[in-house]
Amino acid sequence: MKNRKVAKAIDAVLTHLVLIAVCFVFLFPCLWLILASFSKSGSIYSFEGFFPSAYSLDTFRTLFTDTEMYNYPRWFGNTLFIAGMSCLIGSLLVILTAYTMSRFQFRGKKFLMKTTLVLGMFPSFMGMIAVYIIMTQFGLINRMCGLILIYSAGAPMGYLTQKGFFDTISASIDEAARMDGATNFQIFFKINLPLSMPIIVYTAISSFTFPWSDFILPKLLLKEKDLYTVAVGLMSLGDTEFARFAAGSVFIGVPIVILYFALSRFFVSGMAAGAVKG
Amino acid sequence: MRAKGKGNSPAAMWRDGGRNVRLSMCLMGLGQLCYGQIGKGLLYLAVLALAAAYFVGRGFEDLIGLFTLGTQEANTWLGIEGDNSVIMLLMGLLAVAAAAFLGLCWSANVRDAYETQKRCERGGRPARFQEDFKALLDRKFYKTVLFLPILGVCVFHILPIVFMIAIAFTNYGGSIVPPKLVDWVGFDNFIQIATLSRFAPTFGRILLWNLVWAVVSTGLNYFAGLGLALLLNKDCVKGKAFWRAFPMLAYAVPGFITLLGFKFMFSYGGPINGIITGMGGRAVGFLDIDAKWIARAIGFAVNAWISVPSIMLLATGILANRDFSQMEAARIDGANAFQQFRHITLPFVLFSTTPVLISQFIGNFNNFGIFFFLRGGLYIDGYFLASDTDLLINWLYNLSINNNYYSIGATISLVIFLITSLLSLLIYTRSTSYREEDTFR
Amino acid sequence: MKRLQAIALTTVSVLGLLTGCGQGGETAGAGTPQGQEAGASQGADLSAIYTGELEKNVTIRVLENDTAIAQGYFQELLDAFNAAYAADGIVAVDANMDQYSNLADDGPYGYGPDVLYQANDVLMKYVEGRHIYPIPAESLSCWETIPQTAWEAYRAQVDGTEYYMGVPVNVQSSMLYYRKDLLPEDWQEQWDDDGNQIPDMTENWNDMYRYSKELVGQGDGRYGYMRSLYDVYFSSGFLFSYGGYVFGDNNTNPEDIGFSAGDARLGASVLLQQASLMNEDCIDDSVTVGAFSKLADGTYFATMTTPDVYSQFLKELTLAYEGQGMSHEEAQALAEENLVVTDVPKLPKSGDLTEEDPELIPLKAMGGVNGYGISAYTKSPNACLAFVEFATSYEMVMKRHEMLGIVPARRDAADAAGGISEIIYSNLEQGNIVIMPSIREVEQIWTPAQTFFQDLAKDAFRTGGRSYDSLEKIQAGLEAVDAQIYDAIHTLSGQ
């Protein structure tokens with residue numbers, strides 16, 4: 001008994017040591033970026049070793065007030081709108097697609113599964129020209145809804161992960177509900193959806209972050225500076241604007257961190273287990 | 001659960017079909033109208049009317065354009081508008097797609113009329129509009145759900161890919177770009193690639209490295225992510241949300257910023273070399289011209305830094321879904337932690353994350369950003385327009401975008417695409433999660 | 001982060017192919033078929049485009065570069081133009097687009113600007129696809145005052161007729177930046193052999209080499225001349241000075257690639273000798289990015305770059321002086337005093353930087369000419385021409401020079417501006433500035449040449465197995481670059 005206690009304690013210490021190492025690895029580059037954003041001089045080279053030689057809040061002040069050339073607040077708003085809408089529509093489509101692919105057997109399903117797998121193998125930049133021409137023909141250049149359309153339409157391609165999750169939810173509850181006369185529509189919304197919070201959160205976060213940090217599509221489709229997203233805007237910064245770049249990059253991470261903390265309770269384990277048993 | 005999907009051959013339907021089925025064959029929706037299914041009949045008719053308007057308006061012209069790819073070159077100086085071959089190619093493909101869609105609707109309409117007839121023969125009555133609508137929410141729920149995603153994927157994924165495939169058979173690229181007229185050239189591009197002696201060695205080397213890269217980095221990311229999730233799931237770890245927040249930081253920073261940051265960190269003037277020289281060492285060229293394996297190793301590490309958090313997140317979600325009764329049973333039977341992991345957790349996680357593994361593999365196989373940002377702009381001896389860290393996708397980019405050989409790029413990507421997709425299909429169809437979908441139900 | 005922008009651009013340049021950018025001007029090379037439809041007889045009649053009648057009540061969208069917008073020059077230009085043409089109802093506005101956006105992608109769909117300010121190689125890409133209109137150059141008031149060498153950068157031959165495709169405004173080339181307060185105390189006695197009151201190390205590379213060696217030899221982490229050597233834009237000038245060139249026939253013939261031509265290997269060996277007195281930072285872009293602060297903190301004595309970044313050097317140096325406890329005004333005044341921008345030093349004919357009293361030849365730096373062009377998709381070419389004429393007038397060019405520090409392409413403005421402008425201007429006239437080629441194939445030179453320069457710089461730090469320890473090996477390396485570029489251009493286009 002005592003041995004097991006010691007083993008447990010050693011295990012706990014080791015676990016925490018590893019965790020601390022992992023956290024260090026992830027934190028350090030981010031910390032560097034954060035500190036750089038507080039650098040007094042705009043340059044990346046007025047650093048002593050890893051850290052800036054002098055600190056100031058000026059960068060953040062200019063980031064939000066000096067909007068003549070680089071309208072960061074505007075970019076931020078644009079990005080928030082595009083990513084938010086794409087996240088809503090995209091997540092819905094992915095979850096629905098994944099659920100359907102997991103629960104229904106129908107003609108052509110295996111074909112669909114293979115097709116989506118194979119489509120992912122195609123280098124996407126080769127298709128950019130076609131996407132651009134389609135958008136010009138639809139008159140969707142310089143329109144944020146065009147971007148939202150593309151992001152949402154592309155989202156279901158990544159359904160495999162979510163399907164994997166739904167595959168693990170026992171179908172026995174579905175059967176029980178069906179006995180009670182529920183339709184598939186009801187089974188999905190009333191029973192499976194509440195059980196799937198972890199994967200919904202995962203889906204929401206990932207379908208938010210992609211448009212949030214993508215810069216190829218916005219660069220392709222949004223020509224006007226007023227419509228820039230943060231990623232495109234940051235890339236257009238001048239050579240010595242490093243601190244502004246760092247500050248902008250740090251700030252771009254804020255919504256995602258907030259999103260994570262707001263949703264993290266859904267990751268708490270054991271939720272689904274209770275549901276199956278109960 | 002199982003939706004009915006018995007196919008009927010058109011011939012059989014024509015033979016067995018009654019008046020209404022034949023009417024439907026002649027004019028979409030007519031049969032339904034005759035059965036008194038006014039709503040559905042009108043819907044079919046409306047689709048037909050729309051299609052007709054489209055084809056009269058521009059569809060036919062687009063179809064013809066697909067073959068000619070334009071006849072009049074534009075000249076802005078003389079005010080000649082001219083044809084844009086690339087747009088014509090794309091719109092032509094769109095017209096083909098529209099025709100195919102119309103064909104699908106038509107056959108669906110005939111099958112529907114035939115099913116109604118069968119139902120009447122069995123003594124039933126034609127389904128009412130509300131009933132059809134209800135079926136879409138229940139028995140045919142999958143149709144309702146999949147319609148939008150499939151449409152979107154067709155327009156924004158499949159159409160561009162078909163477009164690229166078509167490009168492989170044209171002379172588009174180099175000096176022939178609009179307003180110059182593009183032409184179909186058949187298999188010329190394929191012949192050119194096959195006869196170029198410098199292609200094969202580069203292709204072989206890059207393909208080999210690309211496979212190594214995809215396998216190793218997928219394995220690395222996957223097991224690191226899973227391990228991290230398991231570690232965080234241990235009972236002795238308190239404040240899980242706090243610990244998990246650190247990897248989330250990495251997740252919160254957009255990929256291109258991360259990559260640029262790491263590139264700077266590993267550069268000669270970067271902080272890492274600053275520390276090395278500060279301690280009296282010699283600066284290390286982590287990513288420079290001689291740094292083949294060091295650069296590759298950095299690629300693995302940076303890719304892991306970027307990808308592990310999302311896998312951890314996902315694994316956390318999946319672990320939460322474990323069947324704990326099994327684990328409890330195992331514990332009662334005296335299984336230790338490792339045995340529980342080996343025989344219960346791992347098979348479960350592997351099963352439910354096989355798709356993730358596959359999509360990770362594909363993602364890594366086509367990981368453009370890592371070496372483009374970390375070590376772009378190098379052509380190394382022994383490689384044709386590529387460097388020793390470039391993946392196939394980077395090479396393709398060099399060829400088709402940097403050097404403007406668009407049709408050649410499309411041709412090569414088609415070849416690569418065929419190889420890789422066959423390969424991954426083979427793996428996929430042999431995977432347990434594909435073959436035995438219902439094991440864990 | 002313009003560097004990032006460049007990366008971003010290449011990523012998005014997918015589009016370049018879309019509607020036909022990347023087209024060279026001048027005569028199309030052998031492998032480039034001429035337009036099938038338009039015969040040689042169909043030269044465009046400029047008077048059909050520019051009727052001379054100003055369009056009334058139109059808005060023209062102008063694409064300017066970011067510096068001009070940031071420094072407020074562009075707004076002044078727009079205000080002045082709009083006031084002058086208010087009676088005609090012509091309004092010029094900011095196109096509100098990225099300064100590097102591609103007209104070939106945007107123009108045909110109606111999203112492009114009407115007038116655009118670009119470097120010559122960018123503007124000339126649009127000629128073959130006729131994305132820009134020719135300019136009736138001879139009829140412009142600035143025709144006489146701009147030297148033929150500058151106009152040359154915009155000359156194109158289309159279907160047998162010669163056209164000018166843009167109006168030169170400013171000349172870009174390399175300059176030497178150094179800090180006067182880092183000169184040796186006794187430079188007037190020891191480092192001014194010709195007694196012209198200009199330190200010798202800023203006049204020729206041999207003395208610069210000697211001084212760099214002295215600084216490095218002190219062992220306190222200071223360096224003399226520093227430069228990221230992988231950068232083709234700056235390093236290729238050393239090859240050109242000894243007879244190298246990019247393309248044959250005055251940069252128009254992509255069949256003939258000349259990085260190894262003449263005694264170009266001597267230029268490469270000069271770079272190698274320079275690298276031996278630098279640190280590893282010269283292999284990648286570390287020096288380029290860090291030069292602003294490293295010059296300010298005294299780590300570097302001198303570097304070479306374009307004149308348009310002067311204000312950034314000044315800002316960093318001012319900050320450094322402030323850090324030493326000076327007031328802002330004091331620091332700024334001292335920085336302006338000590339930061340010197342001057343002509344690039346001369347090279348030894350022998351290519352040997354250790355030679356005493358060498359015979360000197362000028363450094364031929366790569367350069368460019370920026371100017372205005374008119375989009376072929378504009379609805380109001382006459383108003384656009386009026387704008388271009390207005391923006392290239394003496395007053396506006398002088399204002400541009402004052403606010404942005406650019407080197408005017410107009411002789412009268414350059415004379416009035418003096419200083420750097422005069423130097424660069426005379427270099428241009430004497431042919432010491434090699435204007436970037438304006439043909440499409442130029443896109444393929446960068447990566448092979450950059451790889452070579454990086455390898456060359458790296459060689460100075462290799463401990464064993466040096467790749468370039470003899471002139472023969474350097475020559476072989478340069479020939480390999482030529483072959484690689486030739487392959488990149490021709491291997492796949494042989495249809």
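Predicted model: local features only at pLDDT ≥ 70, side-chain atom pairs only at ≥ 80, totals over all residues.
Guide: Helices (H or I, at least four residues) and strands (E, at least two) are DSSP runs, numbered from the N terminus, and on that basis chain A has 14 helices and two strands. Residues are numbered from 1 along each chain as its sequence is written, and chains are lettered from A and ligands numbered from 1 in the order in which they are written.

Visitor: Why does Met126(A) count as buried?

Guide: A residue is buried if 20 or more other C-beta atoms, placed from the backbone, lie within 10 Å of its own, exposed if 12 or fewer, and partly exposed in between; Met126(A) has 28 such neighbours inside 10 Å, and therefore counts as buried. Met126(A) belongs to the loop between α4 (109-119) and α5 (128-137) of chain A. In chain A, buried residues account for 49% of the 278 residues.

Visitor: Which residues does Met126(A) touch, not counting residues up to four places away in sequence?

Guide: Two residues are in contact if their C-beta atoms, placed from the backbone, lie within 7 Å, and with residues up to four places away in sequence set aside, Met126(A) touches Met164(B), Ser400(B), Gly409(B), Ala410(B) and Ser413(B).

Visitor: What is the radius of gyration of chain B, and what would a compact globule of 441 residues have?

Guide: The radius is taken over C-alpha atoms, and the globule rule is 2.2 Å times the number of residues to the power 0.38; for 441 residues a compact globule would be near 22 Å, but chain B has 29 Å. Along the principal axes, the C-alpha atoms of chain B fill a box of roughly 90 × 80 × 35 Å. The secondary structure of chain B consists of 19 helices and zero strands, and 47% of the residues in chain B are buried.

Visitor: How do you know which parts of chain B have the lowest and the highest confidence among its helices?

Guide: The mean pLDDT of chain B is 83, with 94% of its residues at 70 or more. Confidence is lowest in helix α19 (residues 432-435) of chain B, where the mean is 62, and highest in helix α4 (residues 38-68) of chain B, at 90. Over residues 1-7 of chain B, pLDDT stays under 50, and the model has 10 contacts beyond four places in sequence for that stretch.

Visitor: What makes up the domain assignment of chain B?

Guide: Domain bounds come from an automatic or database domain assignment, which for chain B gives domain 1 (10-186) and domain 2 (192-435). The contact between them takes nine residues from domain 1 of chain B and nine residues from domain 2 of chain B, and the C-alpha centres of these two domains lie 40 Å apart.

Visitor: Why is one side of β9 and of β12 in chain C left without a neighbour in the sheet?

Guide: Two strands pair if DSSP finds at least two bridges between them, and four strands of chain C form an open sheet in the order β9-β11-β8-β12, with mixed pairing. β9 (223-226) and β12 (339-342) of chain C stand at the edges with a single partner strand each, so one side of each has no neighbour in the sheet. Neighbouring strands of this sheet are turned by 15° against each other on average, direction ignored.

Visitor: In which sense do β9(C) and β11(C) pair?

Guide: β9(C) and β11 (residues 300-305) of chain C pair in the parallel sense over three bridges, and Tyr223(C) stands opposite Tyr300(C) in β11(C). Helix α13 (residues 286-296) of chain C packs on the sheet, touching β8 (175-179), β9 and β11 of chain C, and its direction makes about 135° with that of β11(C); axes are lines fitted to C-alpha atoms, for helices over the stretch in contact, and angles run from 0 to 180 degrees between N-to-C directions.

Visitor: What makes β8(C) largely enclosed by the rest of the structure?

Guide: Four of the five residues of β8(C) are buried, and therefore β8(C) is largely enclosed by the rest of the structure. β8(C) runs antiparallel to β11(C), with four bridges joining them, and antiparallel to β12(C), again with four bridges. Leu176(C) stands opposite Met304(C) in β11(C) and opposite Thr342(C) in β12(C).

Note on methods. pLDDT = per-residue confidence, 0-100.
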